[in-house]
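Here is a short briefing on one protein chain.

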Amino acid sequence: MKRWIRIVLTVLTAAVGLSAVAGGLALIIGGAATTTGAGVVPDRAFLGGSPFTSYVAPGVILAVIVGGTHLLASVMIGRQSDAGAFAATVAAFGLLIWIFVQMMFIPFSPLQAVYFAAGLAELGLVLLGLGLFGRRPAVTS
């Protein structure tokens with residue numbers, strides 16, 4: 001993997017991971033409170049039709065699964081692990097699934113677009129890092 005791709009992917013997965021952990025903790029703390037957490041936690045009415053009665057479980061999922069996979073991927077890519085590209089791909093798909101599911105229940109927010117773009121960028125960087133784009137030698141028969 002080229003150095004610039006590794007650096008950008010490491011920083012991007014770390015940023016998404018840290019913000020997911022922070023957002024998950026905010027949902028857990030706000031979800032356990034009786035108020036909406038001064039606007040940090042979405043209205044509980046958005047949970048209607050979902051399997052959740054509070055934002056505690058979604059907060060755990062966001063912090064542990066989305067945040068955890070991103071932080072793990074960041075460390076693995078940064079250390080040039082052979083499995084780093086796989087970890088970043090798993091993290092990116094997890095983020096995209098999180099945003100898709102979130103948009104089923106919560107009205108559109110610009111942050112959803114930002115994180116969706118981040119997930120697509122992660123996948124694009126993995127594809128670039130694996131050499132799936134670029135010059136291919138001519139095939140001769």
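**Helix packing at a glance**

Helices α2 and α3 are roughly antiparallel to each other. Their axes cross at roughly 155° and come within 8 Å. The model is a predicted one. Four helices and zero strands make up the secondary structure of the protein chain.

**Overall chain**

- Along the sequence, the protein chain reads α-α-α-α.
- Its C-alpha atoms fill a box of roughly 70 × 30 × 20 Å, taken along the principal axes.
- Of the 141 residues in the protein chain, 33% are buried.
- The protein chain exposes about 8,400 Å². Carbon and sulfur atoms supply 72% of that area.
- Take the contacts between residues at least 6 apart in sequence: 67% of them join residues at least 24 apart.

**α2 with α3**

- The crossing of this pair, α2 and α3, is left-handed.
- On the α2 side, the contact is made by Pro58, Ile61, Leu62, Val66, Thr69, His70, Ala73, Met76 and Ile77.
- On the α3 side, these residues meet Gly84, Ala85, Ala87, Ala88, Ala91, Ala92, Gly94, Leu95 and Trp98.
- By class, the contact of α2 with α3 has 14 nonpolar residues, four polar and no charged ones.

**α1 with α2**

- Helix α1 covers residues 3-32, and helix α2 covers residues 56-78.
- The two pack at an angle of about 160°, with their axes 7 Å apart.
- Angles over 145 degrees count as roughly antiparallel, so α1 and α2 are roughly antiparallel to each other.
- The crossing of α1 and α2 is left-handed.
- By class, the contact of α1 with α2 has 19 nonpolar, 11 polar and one charged residues.

**α3 with α4**

- Helix α3 spans residues 84-105, and helix α4 spans residues 110-129.
- The axes of α3 and α4 come within 9 Å and cross at roughly 155°.
- That angle makes α3 roughly antiparallel to α4.
- α3 passes α4 in a left-handed crossing.
- From α3, the contact takes in Ala85, Ala88, Thr89, Ala91, Ala92, Phe93, Leu95, Leu96, Ile99, Phe100, Gln102 and Met103.
- From α4, the contact takes in Gln112, Tyr115, Phe116, Ala118, Gly119, Leu120, Glu122, Leu123 and Val126.
- By class, the contact of α3 with α4 has 16 nonpolar, four polar and one charged residues.

**Arginine 6**

- Arginine 6 is found in helix α1.
- Is arginine 6 buried or exposed? Its relative accessible area is 17%. Buried means under 20%, so arginine 6 is buried.
- Not counting residues up to four places away in sequence, arginine 6 touches Met1, Ile77, Gly78 and Gln80.
- Arginine 6 and glycine 129 are 123 residues apart along the chain. Their C-alpha atoms are separated by 7.5 Å.

**Glutamine 80**

- Glutamine 80 is found in the loop between α2 and α3.
- Glutamine 80 has a positive phi of about 60°, although it is not a glycine.
- The relative accessible area of glutamine 80 is 54%. Exposed means over 50%, so glutamine 80 is exposed.
- Glutamine 80 is one of the residues that arginine 6 touches.

**Alanine 85**

- Alanine 85 is found in helix α3.
- Alanine 85 has a place in the contact of α2 with α3 and in that of α3 with α4.
- Alanine 85 counts as buried because its relative accessibility is 14%, under the 20% cut-off.
- Leaving aside neighbours within four places in sequence, alanine 85 is in contact with Met1, Ile77, Val126 and Leu130.
- Alanine 85 and alanine 45 are 40 residues apart along the chain. Their C-alpha atoms are separated by 38 Å.

**Alanine 113**

- Alanine 113 is found in helix α4.
- At 37% relative accessibility, alanine 113 counts as partly exposed.
- Alanine 113 and isoleucine 99 are 14 residues apart along the chain. Their C-alpha atoms are separated by 8.5 Å.

Technical notes: Residues numbered from 1 in each chain as written. Predicted model: local features only at pLDDT ≥ 70, side-chain atom pairs only at ≥ 80, totals over all residues. Heavy atoms only, no water. Buried < 20%, exposed > 50% of the residue type's maximum accessible area, 1.4 Å probe, protein only. Axes fitted to C-alpha atoms, helices over the stretch in contact; angles between N-to-C directions. Parallel < 35°, antiparallel > 145°, perpendicular 65-115°, else oblique. Left-handed = near helix turned anticlockwise from the far one by under 90°. Contact = heavy atoms within 4.5 Å. Nonpolar A, V, L, I, M, F, W, Y, C, P; charged D, E, K, R; others polar. Areas by Shrake-Rupley, 256 points an atom, 1.4 Å probe, with all protein chains shown as cover.
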